[in-house]
Amino acid sequence: MTALAAIAEARRRTRKRPLGRHLSILGWCAAAVLAVVALLAIFGPLLVTVDPNAVDLSGAYSGPSPEHLLGQDASGRDLFSRLLSGASTSLVGPLLVVVASTVLGTALALSAVWIGGWFDSAIARVIDAVFAFPGLLLAILATSIFGTGLQAAVIALSISYTPYIARIVRGAALRERSLPYVAALRVQGLRGTSISLRHILPNIAGLISANATLSFGFALIDLAALSFIGLGVQAPTADWGAMIGSGMAGILQLEPQEALWASLLIVITVAAANSLGDELVKRSENRS
Amino acid sequence: MSALLEVDGLSVQLPVAGEFRTVLQDVSFSLEAGQTLGLVGESGSGKSMTVRSIARLLPPGARTTGSIRFDGASVLDLRGDALRKFRSRDVSMIFQDPRAHTNPVRKIGDFLTEAMRINGKVPPREAERRAVELLAEVGIHDGERRLKQFPHELSGGLLQRVMIAASLAVKPRLILADEPTTALDVTTQSEVMAILARLQREYGMAMLFITHDLELAAAVCDRTVVMYAGAMVEHQDSSRLHTDPLHPYSAALMQARPEIDRRVPRLPAIPGHPTSAFEAPDGCAFAPRCRFAEDACRAALPPLESMGDAAYSRCRRAAELRGHLLATAEHSGGLGDGAGVGDSAGLEEEVAR
Amino acid sequence: MIAAPGTEPTTAASGAGRTEPILAVDGLRKTFGRGRKEAVAVDGISFELHEGGSLGIVGESGSGKTTTARMLIGLEQPTAGRILVDGSDLTRPARRIKDLRARGRLIQIVFQDPYTSLDRRQKVGDCLGEVVRLHFGLSGSALNGRVRELGELVGLQERQLRALPRELSGGQRQRVAIARALAAEPKILILDEAVSALDVSIQAQILNLLADIREQRGVSYVFISHDLAVIRQITDTAIVMRHGQVVEQGQTANVLDSPQDPYTRLLRDSVPHAGWQPGTVK
């Protein structure tokens, strides 16, 4: 061992919580933004005083006022309450996509790596094939099967996100599987499932959750896009993506508030998810 | 005659997690042209750090005190072109893992001729001819074929010879060899060492040879420095190291190594584990593991003192213990006395809390 | 076959040559690839190991010693030949989980690198406990007691059993790896360059520990190493491998003191010693 390695070693040994509580300032800000957005999604509806679906044609495109903090949309609906109540729809969708694709992708990748042989090659081929399709295109195709609506969009995006997660998990699991400790456990007679779930999975969990955070941002954009073109969340349910869609008309009439506010929230959330995810990915790669 | 390389009072601190940690303290030695000096030690001893300091390859932010003089010039003050010239012409480094120091997608020929073509402005054909000659010097006689091969097509020993050939290309005056044979098989090690020794004789180069293998150092080096926890503990002629060690650590290290021609009932292991300079306690860093340590040893780090005949030891009991260090200890370092198999528990390493 | 000086074998079974060997390898062969790309890693080797004995496998890189180890523990399927452990045929890697565990209770391995041979997220005690539970179905205080016992056997304190691998030094980690292998109470322990990555002072501690364990437990060793001095210290018999074949075998002392094969002589003379002239051997 060289002196440099010895120093690194001593550093590793003295560091108390290597599981990185130490995010950068940017990382902390991103985490805080996500927390606020999550709180809005959960408790937002409680703050809403005006019915988000109440139409008031006389107040169309009105500017901010004490009753309508951010003004009203083309149908005179209250923008503030629509943004708040839209938060949960806008965030639950991507969350479901991330959870479903992460669970599915991880399960596929781990079993492919453990079973190996033709099964692994088959999985790898399928992953590559699905990977070649743009997620959004796949989702649009899927809506022709499942119909429109949030549910259909979530299922479609989950399928198109699965290969992305599976590819990353497969690479990490392959590296992990080649380590001597896995051979030692095999020699002891542990089941493949035990080794995969109790040893390999915890060691790559950091990388998986980091990539899940990252794909949350992408899923949010993709779902918003689907809602924007009318294939996702259907009127009159409030949703940020759908609000950009319905706000398009306002932009042409120089009344861009609705689209602007919805886009702003999407951009902030996505930027936060991406920077946090990026940082977590880098860290988990350095660690392993 | 003044020495080619003079290191005097060299101390190095590295920034680790916001604080400076000592990795080298008070290292002093000199090396003349044509001579080989061995630096021997375990993990954290500072042997690699010493060589890195000389090649000016310390990580950014390192604090260095003391002086390093090469041919009279202060190495620590070299800047810009002078530093580049020092690194490219005057010294060459050979590393433990040649594979990590070659570009896997470039051919051996490119690797060998690059420096000549860029630094020496030698035309390609001429450079290639020189490369074949260099390979012949390190015992590779099918040079033309090797130049067209990629690093992965060569065995570790062959690749290390290519590295040596590359370091010869500039005819350096000093070779810094950092465990050049550790990753090689013993038969290959023997060949590579023979090549190094011959070239050194022919070119009159000085060599600083780093190894963890005391036997190897004693066999190939004129003088040997034994290091522990960032400091030199012993410095003397290699030929006397075996019969007349001057520091309890060198003696214990020699005894702990099994021998090829006999088996002992128990190896006299050194209790505890090697430490780095910044982890070492006050006083003599080896005291906690030393069977000769007294209370006074733990009070202050003793200086490196002359024992006559250009021999030095950093042990305050060196004079008194001289000649007795290799006497078999009845208690063999305290290990294995009836307390059962796991008795070394308390003696081996502590868990960092 | 004497376990260690001063300790005559106490059980009748450990008498050399008088009983069935604990490990018998016959004509073992392994090739990789097919047709023109076929490479022979191990080329029909045979050897025996008696209960409580210690057999050294010496060789340089590419000699086939590691492939041999992998076939012995069932990580690689032999192309030809036979492996008999304590009378049962273990030539083919086990497929069913029951056979896999039975094999695990016969033969275990310790690898070279103490850093990657432990799960970095598992505490030392849990690592040992997992194996004990797997093989002996212990739980609760019986399990804890057994784990402590294993810790004591290799010189690990309770505090170290609660630690994660990264909090331990290389030597301590290798003790954990040895304890994990012994947890299955195997009859044979394979040590694949198990002390090569350790500092000299730690290497001596581990070699002493291994000698003690063999004496106490009667477990047999297959000790794979490129280091002749280590082989001399820890083994009774040795085989020297080159290009997948055995070039010499016998009592370790005989093999090293009066090598018959030119390659063994070359190996021996290549080890640095006083008055050594590198490269003059050949």
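## Report on a predicted model

The secondary structure of chain A comes to ten helices and zero strands, where helices (H or I, at least four residues) and strands (E, at least two) are DSSP runs numbered from the N terminus. This is a predicted model, in which local features need pLDDT of at least 70 and side-chain atom pairs count only at pLDDT 80 or more, while totals for chains, interfaces and linings use all residues. Residues are numbered from 1 along each chain as its sequence is written, chains are lettered from A and ligands numbered from 1 in the order in which they are written, and side-chain values use heavy atoms, with hydrogens and water left out.

The C-alpha trace of chain A spans about 75 × 45 × 30 Å along its principal axes, and of its 288 residues 48% count as buried, a term for under 20% relative accessible area, with exposed over 50% and partly exposed in between (1.4 Å probe, protein chains only). Among contacts in chain A with a separation of 6 or more, 70% come from residues 24 or more positions apart, a contact being heavy atoms within 4.5 Å.

Two helices of chain A can be followed in detail. The axes of α2(A) (residues 25–47) and α3(A) (residues 79–115) come within 7 Å and cross at roughly 135°; axes are lines fitted to C-alpha atoms, for helices over the stretch in contact, and angles run from 0 to 180 degrees between N-to-C directions. That angle makes α2(A) oblique to α3(A), because angles under 35 degrees count as roughly parallel, over 145 as roughly antiparallel, 65 to 115 as roughly perpendicular and the rest as oblique. Val37(A), Leu40(A), Ala41(A), Gly44(A) and Leu47(A) in α2(A) meet Leu84(A), Ala87(A), Ser88(A) and Leu91(A) in α3(A).

In chain C, Thr31(C) lies in strand β1 (residues 23–32) and is buried, with a relative accessible area of 12%. Not counting residues up to four places away in sequence, Thr31(C) touches Glu38(C), Ala39(C), Val40(C), Ala41(C) and Thr79(C).

The model scores ipTM 0.85 and pTM 0.84. The table gives pLDDT, the predictor's confidence in each residue, from 0 to 100.

| Chain | Average pLDDT | Residues with pLDDT at least 70 |
|---|---|---|
| Chain B | 86 | 92% |
| Chain C | 90 | 92% |

Over residues 330–353 of chain B the pLDDT is below 50, and over residues 1–17 of chain C it stays under 50. Where pLDDT is low, the predicted coordinates should not be read in detail.
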